[in-house]
Amino acid sequence: MFNQNELIKYLMCPQTGEDLIYQSGKLQNSSASNSYEVNKVGIPLFVGQSFSQDAKTQEAHYDKVADDYIANIGYPHTQEYMRYLDLAFLELIENEEIHSAVEICCGKGEVFSLLGNRVANGFGVDVSTRMLSEAKKNFPNSNYLFLQADAIKLPLKNNTFSHVFMFGGIHHVNNRQQLFNEIYRILQPGGKFYWREPVSDFFVWKWIRAVIYRFSPNLDHTTERPLTYEETVPLLHKSGFKCGLWKTLGLLGFCFFMNSDVLVFNRLFRFIPGIRKITRFFIAMDKLMIKIPLLKRAGLQVIGCAEKIDVKS
Ligand SMILES: C[S@@+](CC[C@H](N)C(=O)[O-])C[C@H]1O[C@@H](n2cnc3c(N)ncnc32)[C@H](O)[C@@H]1O
């Protein structure tokens, strides 16, 4: 069922850049050279030529690990630690009006869930139809559209969106220059790109992660690589962005209480009485430690924001 006809005007053919129309269960470009299926739950499928090799690998990977990933987000200690990370993000964005927003690598639509009814029109992009179906269940409203598409070839129009969000998605994309170019292309002048991602600027995390990424069955080391400041910020600048924020957070508490999809022992924490309180204690410690100047860049997660400069201003 496809009930988002109003939102089609935000879309374009990823091959030709032409407008799309909905006809006989498909989205078709104006010259009728390309058409895209809409699946039975109403998700347009921009697959085929539009998919990079990395996207194909991640599609297969996430369709397989989706259940573990979703279970992980539900553990009490993960939820508690995640709340701390979420509040850190919400504080940053509390005074912004969000008109039309894109969540790339949206999974179940984590950012849209946090923003509640602040989003006028929301577009979720992911490669995994398994994850997108979950998102679709969470957001049945007609002002949300979930699309199966590759982050580096978005079926979305130029200069259109006020916000783009990526939580846990950039590190899945190898071709980051193309990713940032795409995000820059679809944002309005003055539009903002927010991300929250694993970061490995601190050598200890870098080594530990190198081992975990290599051997965990729930990670795909060929397509997953945490961010570093030195790589990311110059790429953003090259795409045209002004990078206004790079804040790391999450130290030991993050290590212990997040990542139960990867660190299997951590799943047992849910049986420990008072686990939420214990997690909150570690959060308080992490908050204190990250204030130590030497550890400022040592967090395991980075929250960042870059702006598409309005050339007229
Ligand atoms: C770690 S999950 C993050 C999900 C969600 N943003 C969250 O915070 O829970 C990464 C997501 O990125 C998606 N993904 C990976 N590579 C992608 C690509 N090239 N284009 C679009 N989505 C991609 C995966 O299918 C998966 O749902």
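This is a predicted model: local features need pLDDT of at least 70, side-chain atom pairs count only at pLDDT 80 or more; totals for chains, interfaces and linings use all residues.
1. **Sheet.** The model has an open sheet of 7 strands. The order is E6-E5-E4-E7-E8-E10-E9, and the pairing is mixed. Strand E6 (144-148) and strand E9 (241-249) are the edges, each pairing on one side only. From one strand to the next, the twist averages 15°.

2. E9 and strand E10 (residues 301-308) run antiparallel, joined by 8 bridges. Leucine 249 stands opposite glutamine 301, which is in E10.

3. **Helices on the sheet.** Helix H4 (residues 129-138) lies across strand E5 (119-126) and E6. The direction of H4 is at about 175° to E6. Helix H5 (residues 176-186) also packs on the sheet. H5 touches strand E4 (98-104), strand E7 (161-167), strand E8 (187-198), E9 and E10. Its direction makes about 140° with that of E8.

4. **Cysteines.** A search of the whole structure gives 0 disulfides. Cysteine 105 is partly exposed, because its relative accessible area is 22%. Cysteine 305 is in no disulfide either. Its nearest cysteine sulfur, in cysteine 243, is 7.8 Å away. Cysteine 305 counts as buried, at 10% relative accessibility.

5. **Nonpolar cores.** The largest nonpolar core holds 43 residues. Leu156, Ile183, Phe193 and Trp195 touch the most other members. H5 gives the most to this core, with 4 residues.

6. The whole structure has 30 aromatic pairs. One of them is phenylalanine 112 with phenylalanine 139, edge-to-face. The centres are 6.1 Å apart, with 75° between the planes. The pair links distant parts of the chain, 27 residues apart. Phenylalanine 112 is in helix H3 (residues 110-115), and phenylalanine 139 is in the loop between H4 and E6. Both residues are buried.

7. Which of the two is buried, and which partly exposed? Phenylalanine 256 is partly exposed, because its relative accessible area is 32%. Phenylalanine 257, at 4%, is buried.

8. **Aromatic cluster.** Ring pairs link Phe180, Tyr184, Phe193, Trp195, Tyr229, Phe241 and Trp246 into a cluster. Phe193 and Trp195 are also among the residues touching the most other members of the largest nonpolar core.

Technical notes
Residues are numbered from 1 along each chain as its sequence is written. Side-chain values use heavy atoms; hydrogens and water are left out. Two strands pair if DSSP finds at least two bridges between them. Helices (H or I, at least four residues) and strands (E, at least two) are DSSP runs, numbered from the N terminus. Axes are lines fitted to C-alpha atoms, for helices over the stretch in contact, and angles run from 0 to 180 degrees between N-to-C directions. Contact means heavy atoms within 4.5 Å. A disulfide is a pair of cysteine sulfur atoms within 2.5 Å. Buried means under 20% relative accessible area, exposed over 50%, partly exposed in between (1.4 Å probe, protein chains only). A nonpolar core is a set of buried Ala, Val, Leu, Ile, Met, Phe, Trp, Tyr and Cys residues joined through side-chain atoms within 4.5 Å. Rings of Phe, Tyr and Trp (its six-membered ring) pair if their centres lie within 6.5 Å; planes under 30 degrees apart count as stacked, over 60 as edge-to-face and the rest as tilted.
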